[in-house]
Amino acid sequence: MPIVAQSTETTDWVSRFADEVIEESERRAPGKPVVVASGLSPSGPIHLGNLREVMTPHLVADEIRRRGYQVRHLISWDDYDRYRKVPAGVPGVDKTWAEHIGKPLTSVPAPKGSAYPNWAEHFKAAMIQSLAELGVEFDGISQTEQYTSGVYREQILHAMRHRGDIDAILAQYRTKKAPAKKQQQKPVDEAELEAAEGSGAAAEDDGSSGSAGYFPYKPYCGNCEKDLTTVTSYDDDSTELTYSCTSCGFSETVRLNEFNRGKLVWKVDWPMRWAYEGVIFEPSGVDHSSPGSSFQVGGQIVGIFGGKQPIGPMYAFVGISGMAKMSSSKGGVPTPADALQIMEPQLLRWLYARRRPNQSFKVAFDQEIQRLYDEWDRLEAKVADGTALPADVAAHSRAVRTASGELPRTPRPLPYRTLASVADITAGHEDQALRILSDLDPANPLASLDEARPRYDKAEAWINTHVPADQRTIVRDEPDTELLKSLDEQGRESLRLLLDGLAGNWSLDGLTHLVYGVPKVQAGFSADATPKELPPEIKTSQRSFFALLYQLLVSRDTGPRLPTLLLAVGQERVRHLLGA
């Protein structure tokens, strides 16, 4: 029996949708599992905009599971869609792949060097791995398998019998479009990523219209495998269908009640699946708000198949902040795997959970990721001490656990910016990283670097893949004698005060107090004086002191936080470089 009590986390968008979906499911299919759906096209790298197509129903499905209901989250892999174009920047792919345009994605060779049998399986694999890391449970459905095994045969024959009704619905939205204006391409770090309409079929024609009339079905050619075909005749009684291919000139006559090498066109295929699977909830991208969009048209066509349109929230764009050129996407748009290389699954889940579907947000690959982690750590602290707002508690809960349990987490979640600085300075030397991180809190040192993993590994990956070489930290080998000789008495005194306090303050908190306190002491104030007790010029003195230390340690005016940098360099080397 389902647990009918609603979640206590009723202030967030997920719970509100869960209420609506449960009510609608009980109305349409009482006693049956609740069905939510996503559709993904493995036509190339599946990016972070596409991930919203999955995370929105996943979060709703997971809330429904938490309440004790049975739920099926279907992911339709639109791997029987046509191969439309050769995507730019995909490793192992060259212009020769253009010869496969028009074939099903599962008939296109995988990129060179791939371990997978075809194009679709190659790009599905990376997404499946990412969804596993994110704790997303789903039932995957290959549309190639569905169509080629004859699962949809009755639905295809039904659509052909009712082609006039379908054509009449589509005709309401057919208009001549003005030539599209050429738009300037946005760089990827400014681009907004949107999941393409269903299978990316916004540009697909809505049927085979030739001299024989309209048909909502496209055969794949028996000779060249492409869908550049036109149905030239069809008999409803015998299901005898004749088509011709404009690519290779091949034509043949088949019986559609035995023929499994073709598919319904997208604007008919999608609502057919809604009816076939009994989908209650499926989101769609912003393009579906326009007249003639697949979701709107599908809402009328689904009735022909005896079904109803799902509850379908529109979701907004996902933006990208600072995607560096050295990314694993090799110039393409970033994928969930790219994000999970540099951030823990909990943080990525939180980004999708805390914003309503119609709110846009950005996934950070630049310095902003440090601020996001700071915000996340503050939220964790507030949740732990009971001071977080209810909506924030709900978003946090959805980020760290699913109905199946907690996601694996870092035992000692040290600040991401600190871990990044340590990874930067130590350049892969784990023994040095452990030494530094143990000095952060000498009273409770790390016994092993594993205690800081996987967060440490994510921060290290961010440093190595998204921080340009000219911004990396390289500690000097020898003192800058010229700079040391040029210092006035105040400069030399500031270094003496720092060196005198090193041994007694060798921890993150202690060094923080020390480096901020030196300019205060030099100005005649206590090192413990608060900003309210100090004149504004103290901040100027602190900045000058920090710039001096950076120059003497790393030959730059800025760098990692000084307390972390000092711990990383080590007392002996700091004394050497500061001219002790």
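Trainee: Two strands pair if DSSP finds at least two bridges between them; which residue in β3 is the bridge partner of S76?

Mentor: In β3, S76 has I141 as its bridge partner. Please note that this is a predicted model, in which local features need pLDDT of at least 70 and side-chain atom pairs count only at pLDDT 80 or more, while totals for chains, interfaces and linings use all residues. Residues are numbered from 1 along each chain as its sequence is written, and side-chain values use heavy atoms, with hydrogens and water left out.

Trainee: In what sense do β2 and β3 pair, and over how many bridges?

Mentor: The pairing of β2 with strand β3 (residues 139-142) is parallel and spans four bridges. Strands here are DSSP runs of E with at least two residues, helices are runs of H or I with at least four, and both are numbered from the N terminus.

Trainee: What is the order of the open sheet with parallel pairing?

Mentor: The order is β1-β2-β3, an open sheet of three strands with parallel pairing. β1 and β3 each have a single partner strand and stand at the edges, so one side of each is left without a neighbour in the sheet. Neighbouring strands are turned by 25° against each other on average, direction ignored. Angles run from 0 to 180 degrees between N-to-C directions, and axes are lines fitted to C-alpha atoms, for helices over the stretch in contact.

Trainee: How many bridges does the pairing of β1 and β2 have?

Mentor: Seven bridges link strand β1 (residues 34-40) to β2 in the parallel sense. V35 stands opposite R72 in β2, and L40 has W77 as its bridge partner there.

Trainee: Which helix does the chain pass through from β1 to β2, and is the crossover left- or right-handed?

Mentor: The chain passes through α2, and this β-α-β crossover is right-handed. The term applies if, with the strands pointing away from the viewer, the path from the first strand over the helix to the second runs clockwise. A right-handed β-α-β unit is also made by β2, helix α3 (residues 119-133) and β3.

Trainee: How many of the seven residues of β2 are buried?

Mentor: Six of the seven residues of β2 (residues 71-77) are buried, so this strand is largely enclosed by the rest of the structure. Buried means under 20% relative accessible area, exposed over 50%, and partly exposed in between (1.4 Å probe, protein chains only).

Trainee: Turning to α3, is S130 buried or exposed?

Mentor: S130, which lies in helix α3, is buried, with a relative accessible area of 2%. Not counting residues up to four places away in sequence, S130 touches P336, A337 and L340, where contact means heavy atoms within 4.5 Å.

Trainee: How many residues of helix α13 are buried?

Mentor: Ten of the eleven residues of α13 (residues 416-426) are buried, so this helix is largely enclosed by the rest of the structure. Among them are Y416, D424 and T426. The buried residues of α13 pack against α9 (336-342), α11, α14 (430-440), α15 (455-466) and α20 (562-569). Just after α13, A427 takes a positive phi of about 50°.

Trainee: What about α12, which of its residues are buried?

Mentor: In α12 (residues 390-400), the buried residues are A394, A395, H396, S397, R398, A399 and V400. They pack against elements including α1 (13-28), α10 (345-353) and β16 (401-402).

Trainee: How do the axes of α17 and α18 cross?

Mentor: The axes of α17 and helix α18 (residues 508-522) cross at roughly 145° and come within 10 Å. Residues of α17 including L497 and L498 meet residues of α18, among them L514 and V518.

Trainee: Where does D488 lie?

Mentor: D488 lies in the loop between α16 (481-486) and α17 (489-502). At 48% relative accessibility, D488 counts as partly exposed.

Trainee: Which backbone nitrogen lies 2.8 Å from a polar atom of the side chain of D488?

Mentor: It is the backbone nitrogen of G491.

Trainee: Finally, in the open sheet β8-β9-β10, is the pairing parallel or antiparallel?

Mentor: The pairing in this sheet of three strands is antiparallel. β8 (229-234) and β10 (251-255) each have a single partner strand and stand at the edges, so one side of each is left without a neighbour in the sheet. Five bridges join β8 to β9 (residues 240-245), and Y234 stands opposite L241 in β9.

Note on methods: Two strands pair if DSSP finds at least two bridges between them. A polar contact is a pair of N or O atoms within 3.5 Å; within protein, one must be able to donate a hydrogen and the other to accept it, and residues adjacent in sequence count only if both atoms are side-chain atoms.
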